[in-house]
Amino acid sequence: MDLALKPEHQAFADEVREFARKNLSPATKEKTLSGKHYDRDDHVVWQQALGRQGWLTYTWPKKYGGPGWGVTERYLFENVLAEEGAPRIIPFGVKMVGPVIYTFGTAEQKERFLPGIAASTVAWCQGYSEPGAGSDLANLRTRAVREGDHYIVNGQKTWTSYAHWGDWIFCLVRTNTEAKPQEGISFLLIDMKTPGVTVRPIIMLDGAHAVNDVFLDNVKVPVANLIGKENEGWTCAKFLLANERLGIAEVPASKRGVGMLRALSDDPSMAERIADIDLQVQALEMSELRALSTMALGGAPGPEVSTLKVRGSEIQQRIAELAMEAVGEYAAPYQPGMLFHDTNETPVGPDHAPPAAPRYFNMRKTSIYGGSTEIQKNIVSKMVLGL
Ligand SMILES: Cc1cc2nc3c(=O)[nH]c(=O)nc-3n(C[C@H](O)[C@H](O)[C@H](O)COP(=O)(O)OP(=O)(O)OC[C@H]3O[C@@H](n4cnc5c(N)ncnc54)[C@H](O)[C@@H]3O)c2cc1C
């Protein structure tokens, strides 16, 4: 099998690399490579540069402003950007609500919301999970009651990533309490500045503020912000989740992680373990490329993307474990402060040691968010294996 790039693809990869080298701030790149936390501006400045280039919407069809790339270009784009130390594109606008809007929204909604997503001038967050409705999402209780041309929304969302940076939140809300759970849900867009929206931080084990509780207290939302039909939001919800699980395997970041492990340790027993995880990453990459090729031929991401999510999570966690082993005893001091660039603390051990333990703890999330590993396995057993 000849895996060498064709000249036109090599030229494309070179163009992406040159763009990243010109537009990615060295400070942001340094945070990626050293495992530090980003600020909001790290993401916004980078995503707006991609937006100006017309590349932020690289997964969108051409008629909605995508660049019209094939699977190979998408693959090269993601990999080159990861190699160059670019932050992961925050998915809530461009990879989640954007596709829902261009697939299920009205012409007016597309015109109103898509440009802000494509330019990254409007930040989005995802209001699906609630206390009591995570894996069992259809159990959600946030209530939207119609009053004239508005809904009055009351409830609580939780684990909402980047709600503190968000201008808008897309929410699943209950609009019918009589019907079967899945049939009484609607997909509603809510401006975070609306009176009655309160965001409360949840601080994670690595000390980062990335997730939040969002309280909705008599929030008045225009009916014009409903996507699709009332009570048919579950269709949008499922469509979005399949897309979410595809990107969540994080293969390019894991490839960078393997490179980082090699740089950390020259111990022969580590080399064997690193080679093992490298092979696992390559196998996952092949499976992801197969799923992308199916999509390129017109298919939608099917239930098999759950397998990618499970393997991607396991691999990310394994890389974090190996990083702990590679730095040995220096992984033991818990130094989350070192992940923030404005800290004055002095690291214990070599520079690359402090992120190891916080990152290990942070990576526990990968087998929970986007649908836990157990839930993905249930999906595979029912929908792929037919058990
Ligand atoms: C870092 C992070 C970021 C997140 N960001 C967002 C976000 O931006 N927006 C959002 O809406 N949500 C977000 N989530 C929420 C995430 O989607 C949920 O945590 C996830 O769906 C699991 O739900 P839960 O936490 O309520 O756990 P539960 O559903 O209560 O599950 C608890 C445990 O029971 C297991 N379990 C549950 N049901 C079954 C079953 N039927 N069979 C076998 N095992 C089962 C689960 O696998 C899990 O181990 C985020 C979560 C994390 C950790």
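Student: Which residues come nearest to the ligand?
Tutor: Ser 129, Ser 135, Trp 159, Ser 372 and Glu 374 come nearest, out of 19 residues around the ligand. Keep in mind that this is a predicted model.

Student: Which helix gives the largest share of the shell?
Tutor: Helix 12, residues 373-384. It supplies three residues, the largest share.

Student: And why does the ligand lie between domain 2 and domain 3?
Tutor: Because both give residues to the shell around it. Domain 2 covers 124-231, and domain 3 covers 248-384.

Student: What lies 2.7 Å from a nitrogen atom of the ligand?
Tutor: An N or O atom in the side chain of Ser 129.

Student: What about Gln 126, how far is its backbone N or O atom from a ligand nitrogen?
Tutor: That backbone atom lies 2.8 Å from a nitrogen atom of the ligand. Asn 378 uses a polar side-chain atom, 3.1 Å from a ligand nitrogen.

Student: How much of the ligand's accessible area does the protein cover?
Tutor: The protein covers 65% of it. On its own, the ligand has 970 Å².

Student: Switching to the whole chain. How many helices and strands?
Tutor: Twelve helices and eight strands. Of its 387 residues, 48% count as buried.

Student: What does the radius of gyration agree with?
Tutor: With a compact globule. For 387 residues, such a globule would have a value near 21 Å, and the protein chain has 21 Å, so the two agree.

Student: What does the C-alpha trace span along its principal axes?
Tutor: About 70 × 50 × 50 Å.

Notes
Residues numbered from 1 in each chain as written. Predicted model: local features only at pLDDT ≥ 70, side-chain atom pairs only at ≥ 80, totals over all residues. Heavy atoms only, no water. Near = heavy atom within 4 Å. Polar contact = N/O pair within 3.5 Å; in protein donor to acceptor, adjacent residues only side chain to side chain. Areas by Shrake-Rupley, 256 points an atom, 1.4 Å probe, with all protein chains shown as cover. Helix = DSSP H or I, 4+ residues; strand = E, 2+ residues; numbered from the N terminus. Domains from an automatic or database assignment. Rg over C-alpha atoms; globule rule 2.2 N^0.38 Å. Buried < 20%, exposed > 50% of the residue type's maximum accessible area, 1.4 Å probe, protein only.
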